[in-house]
Amino acid sequence: MKLSDEQKAVIEAPLEPMAVTACAGSGKTATAVRRLIAIRQKLADDRGRVVLLSFSNVAVNTFNKGYAELASALPDDASRKRVEVDTLDGFFTQHVLRPHAYRTMGSRQTPYLVSGSEPFLSSFQYWKSETERPIPIKDMQVGVENGKSVFFIDIHGTAEHLDHAKAKTLIEKLGRTGAYTHDLGRYWVVRTLLNQPAILRALATRYPQILIDESQDLGTMHKVTLELLIKAGVQVSLIGDVNQGIFAFAGADGMFLKTYSDREGVRDYKLTRNYRSLPPIIGIANQLCGRNDEPDRQPEQGGAFFVGYKDAELPKLFSSFKVRLSELGIQVANAVILSRNADRAAKLAGKSAAPGMGIVNLFAEATLARDQLHRYQNAFRLVCSAVVSLLEDAPPGLSSALQGSPHDGWVLRLRRLLWAFTRNAEAGLPSSSLQAKAEWHPKLVTNLRTLLAQIDQQFGLTTVATFGNKMAKRRLDDIALSGANANDKEGPGLRVETVHQVKGESIDAVLYIATKANISALLAGTATEEGRIGYVALTRAKNLFWLAVPNSCLGAMRAELIKAGFTEAS
């Protein structure tokens with residue numbers, strides 16, 4: 001990539017907090033990594049570190065790879081090693097939550113993450129009243145209103161506030177055990193920095209410069225944490241695109257990025273050249289978000305199209321899309337089918353929902369994650385939760401320790417044992433091709449008994465007396481675990497994902513299977529989250545974007561789609 005003048009301005013800027021508004025495909029990764037190096041060079045002999053934070057491990061791996069390539073030409077001195085890349089939550093967990101939060105939590109042990117399925121959490125539930133069902137603590141979220149913490153649960157996108165005193169008492173009771181959920185972990189980070197100001201000062205001294213990628217996704221508690229660091233003297237720079245903010249359910253509204261440049265001392269920068277997409281795709285994106293971003297690429301075959309479809313004839317649509325890919329010389333591996341909804345994405349991919357109840361359902365979900373999606377890490381995570389639930393008096397936080405990076409030797413050995421069980425369809429988690437009730441379940445129970453006997457022998461962790469009840473066959477049928485007529489099912493032969501799953505990716509060709517509501521929101525622009533989701537789907541595409549429109553509304557929407565810049569595909 002030949003750096004633009006806008007990119008150079010960001011990279012070469014003096015040491016100052018900045019707000020960088022970057023369009024989709026603007027070379028944000030290349031810019032952020034080079035800025036990271038430039039900041040460290042400008043710090044010269046200062047012992048302070050500079051850190052680049054993002055929201056996913058995929059993004060972190062991308063940044064680390066880019067930094068390693070560029071840093072190979074730098075002197076191998078101490079300054080080169082004073083650069084870090086991490087996820088936002090990972091950074092604060094490592095430096096605040098795990099080493100220091102136990103004092104604020106009133107716990108006698110290192111804090112540990114819980115998934116919500118741990119048996120002991122049944123004692124930590126929020127009761128709105130004696131007649132209503134209790135709310136699991138894993139569903140409780142924390143926000144800030146008028147400078148004070150609030151506790152709530154999400155009800156179909158609407159926050160329902162909980163009694164502050166009652167919720168706080170319950171969270172502090174859990175905190176004394178050392179346990180926290182993802183959301184409560186962020187709460188305890190803030191509480192720790194407020195209650196232990198020496199930790200805040202030390203963190204600000206060690207990391208005087210922090211860059212935040214995808215900063216439109218900063219949630220409420222993230223913002224409070226950053227405000228504390230800014231007040232302590234840290235120069236925080238934000239990079240992102242408000243039009244790609246699609247995590248409102250997590251309290252991310254994009255306003256922190258949008259208004260950051262209004263602060264005294266914060267410089268405003270923009271990246272407006274799109275290196276990713278063809279001009280027709282960028283033209284539609286500009287119309288939707290009201291920007292005037294420039295294409296770096298010259299016109300060529302491809303672009304943005306809409307095409308009608310019927311649910312019953314989706315295989316024909318997939319075939320037509322693959323024919324077009326072949327005509328353009330695009331590999332199937334570099335294309336994706338997108339859906340707004342996770343359940344619909346699974347259905348489009350020909351995947352079945354996991355059957356069974358309780359722990360059996362966890363094992364079934366793990367089997368399908370391994371066999372259908374090839375997501376071994378997800379399968380392992382589910383196996384950990386399920387197996388720990390079958391252990392009598394399992395140590396608190398054992399499931400989280402197994403899924404993390406355990407330091408205790410015995411936990412590491414148990415982790416290896418569970419990984420072997422997860423991957424082995426003969427001696428461990430049985431194949432999803434087996435009949436669920438008659439074949440898969442009996443084999444699972446047999447293999448589990450062997451595994452649990454090993455765990456008892458090697459680690460002294462006994463099996464629960466209610467093993468039989470927990471492993472009952474309820475809601476299992478005499479069909480393959482992967483679903484009815486699984487052997488006859490054919491997926492589309494393309495990767496299928498939700499829009500949220502591909503955020504941050506650059507993809508040669510995208511087929512977005514939309515509903516009428518999805519399309520209406522897309523055409524209305526990026527003022528709403530639904531509109532931004534459509535915008536993210538569109539701007540993933542490098543060469544080809546197909547918007548699949550239901551035949552039932554195609555006639556009514558055709559003129560508006562053409563006006564927006566789409567071309568109708570035959």
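**Helix packing, a recorded site and loop residues**

Mentor: The model is predicted. We can start with helix 18.

Trainee: Against which helices do the buried residues of helix 18 pack?

Mentor: Helix 18 covers residues 436-459, and its buried residues include Trp 440, Leu 444, Leu 448, Leu 451 and Ile 455. An α-helix has 3.6 residues a turn, so residues three or four places apart point the same way. The buried residues of helix 18 pack against helix 14 (358-371), helix 15 (376-389), helix 17 (409-423) and helix 19 (467-470).

Trainee: Which residue just after helix 18 takes a positive phi, and of about how many degrees?

Mentor: Helix 18 runs over residues 436-459, with Phe 459 among its buried residues. Just after this helix, the residue with a positive phi is Gly 460, at about 70 degrees.

Trainee: What does Ser 432 touch, leaving aside its neighbours within four places in sequence?

Mentor: Ser 432 sits in the loop between helix 17 and helix 18. Its relative accessible area is 8%, under the 20% limit, so Ser 432 is buried. With those neighbours left aside, its contacts are Thr 367, Leu 368, Asp 371, Ala 480, Leu 481 and Ser 482.

Trainee: Are helix 6 and helix 7 roughly parallel or roughly perpendicular?

Mentor: Helix 6 (residues 164-175) packs with helix 7 (residues 182-195) at about 85 degrees, and their axes are 12 Å apart. Angles of 65 to 115 degrees count as roughly perpendicular. Helix 6 is therefore, relative to helix 7, roughly perpendicular.

Trainee: How many nonpolar, polar and charged residues are in the contact of helix 6 with helix 7?

Mentor: Helix 6 contributes Lys 168, Ile 171, Glu 172, Leu 174 and Gly 175, while helix 7 contributes Leu 184, Tyr 187, Trp 188 and Arg 191. Gly counts as polar in this classing. By class, the contact has five nonpolar, one polar and three charged residues.

Trainee: Where is Cys 23, and what is its relative accessible area?

Mentor: Cys 23 is in the loop between strand 1 and helix 2 (28-43). Beyond four places in sequence, Cys 23 touches Asp 241, Gln 244, Leu 271, Thr 272, Arg 273, Asn 274, Arg 291 and Asp 293. Cys 23 is buried, and its relative accessible area is 2%.

Trainee: Is Ala 22 buried or exposed?

Mentor: Ala 22 lies in strand 1 (residues 18-22). Not counting residues up to four places away in sequence, Ala 22 touches Lys 28, Gly 240, Asp 241, Leu 271 and Arg 291. With a relative accessible area of 1%, Ala 22 is buried.

Trainee: Glu 214 has a positive phi although it is not a glycine. Is Glu 214 buried or exposed?

Mentor: The phi of Glu 214 is about 50 degrees. Glu 214 is in the loop between strand 11 (209-212) and helix 9 (220-231). Its relative accessibility is 12%, so Glu 214 counts as buried.

Trainee: Is Asp 393 buried or exposed?

Mentor: Asp 393 is in the loop between helix 15 and helix 16 (398-403). Asp 393 has a positive phi of about 55 degrees although it is not a glycine. With a relative accessible area of 68%, Asp 393 is exposed.

How values were computed. Residues numbered from 1 in each chain as written. Predicted model: local features only at pLDDT ≥ 70, side-chain atom pairs only at ≥ 80, totals over all residues. Heavy atoms only, no water. Axes fitted to C-alpha atoms, helices over the stretch in contact; angles between N-to-C directions. Helix = DSSP H or I, 4+ residues; strand = E, 2+ residues; numbered from the N terminus. Parallel < 35°, antiparallel > 145°, perpendicular 65-115°, else oblique. Contact = heavy atoms within 4.5 Å. Buried < 20%, exposed > 50% of the residue type's maximum accessible area, 1.4 Å probe, protein only.
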